[in-house]
Amino acid sequence: MRKLKLHELGRITVDQFKEAPKTPIVVVLDNVRSLHNVGSIFRTSDAFRLHAIYLCGITSTPPHKEIHKTALGAEDAVSWRYFDKTTEAVELLKKEGFLLIGVEQVEGSVSLPDFTPVKGEKYAVVFGNEVKGVDQKVIDQCDLCLEIPQYGTKHSFNVSVSAGIVLWELAGKMFQQKK
């Protein structure tokens, strides 16, 4: 085996990314406080060519050197918007026909492996604050909540890890549907 060089990976440019068809997922960050988490989620969103990221409340926005440190330029490719209140972002997404999914441990949550996206549906996936999770007012507006199965002593993942797991699963299932 030989490790591939960057120029061998065949990646698209930022301009090509902006013109390319997107995976119909919007990530909503509900008061995510860590700029490194925000940057990491930009990078993950770039990897799966997601539609957009909505940054809400105390969530910082680009340009910012601490976001760039983990986004590595993905913040220039992925479309984003800022909202003072997460509830405003999810209300707009509902009006635009997105199915709202909270990633949270709630009564009646759906285990992530058991969820299958509906072909042709648009999804908005809400990730919450590192300590408090997704706000209850936002949960109340969601169509469903997904929960990542966990088997250890802790009850949560870091938000950027949760985003990676959930977006990998959803985007992967959506890519399979295209075949």
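Biologist: Where is T23 found, in terms of strands?
Modeller: Happy to start there, bearing in mind that this is a predicted model. T23 belongs to a strand, and that strand is β1.

Biologist: Is T23 buried or exposed?
Modeller: Buried here means a relative accessible area under 20%. T23 has a value of 3%, so T23 is buried.

Biologist: Which residues does T23 touch, leaving out those up to four places away in sequence?
Modeller: Good one to check on the structure above. With those sequence neighbours left out, the contacts of T23 are F48, R49, L50, H51, M174 and F175.

Biologist: Which face-lining residues of helix α5 are buried?
Modeller: Helix α5 covers residues 86–95, and its buried residues are T86, A89, V90 and L93. Looking down the axis of α5, these fall within an arc of 90 degrees, so they line one face of the helix. The names to remember are T86, A89, V90 and L93.

Biologist: What do the buried residues of α5 pack against?
Modeller: Their partners include strands and a helix. Here is the list: β1 (23–30), β2 (50–56), β3 (80–83), β4 (98–103), β6 (122–128) and α6 (136–139).

Biologist: How many disulfides does the count come to?
Modeller: A disulfide needs two cysteine sulfur atoms within 2.5 Å. The sulfur of C56 is 12 Å from the closest cysteine sulfur, in C142, which is too far for a bond. The sulfur of C142 is 5.0 Å from its closest one, in C145, again too far. The count of disulfides is zero.

Definitions and conventions: Residues numbered from 1 in each chain as written. Predicted model: local features only at pLDDT ≥ 70, side-chain atom pairs only at ≥ 80, totals over all residues. Heavy atoms only, no water. Buried < 20%, exposed > 50% of the residue type's maximum accessible area, 1.4 Å probe, protein only. Helix = DSSP H or I, 4+ residues; strand = E, 2+ residues; numbered from the N terminus. Arc of directions from axis to C-beta. Contact = heavy atoms within 4.5 Å.
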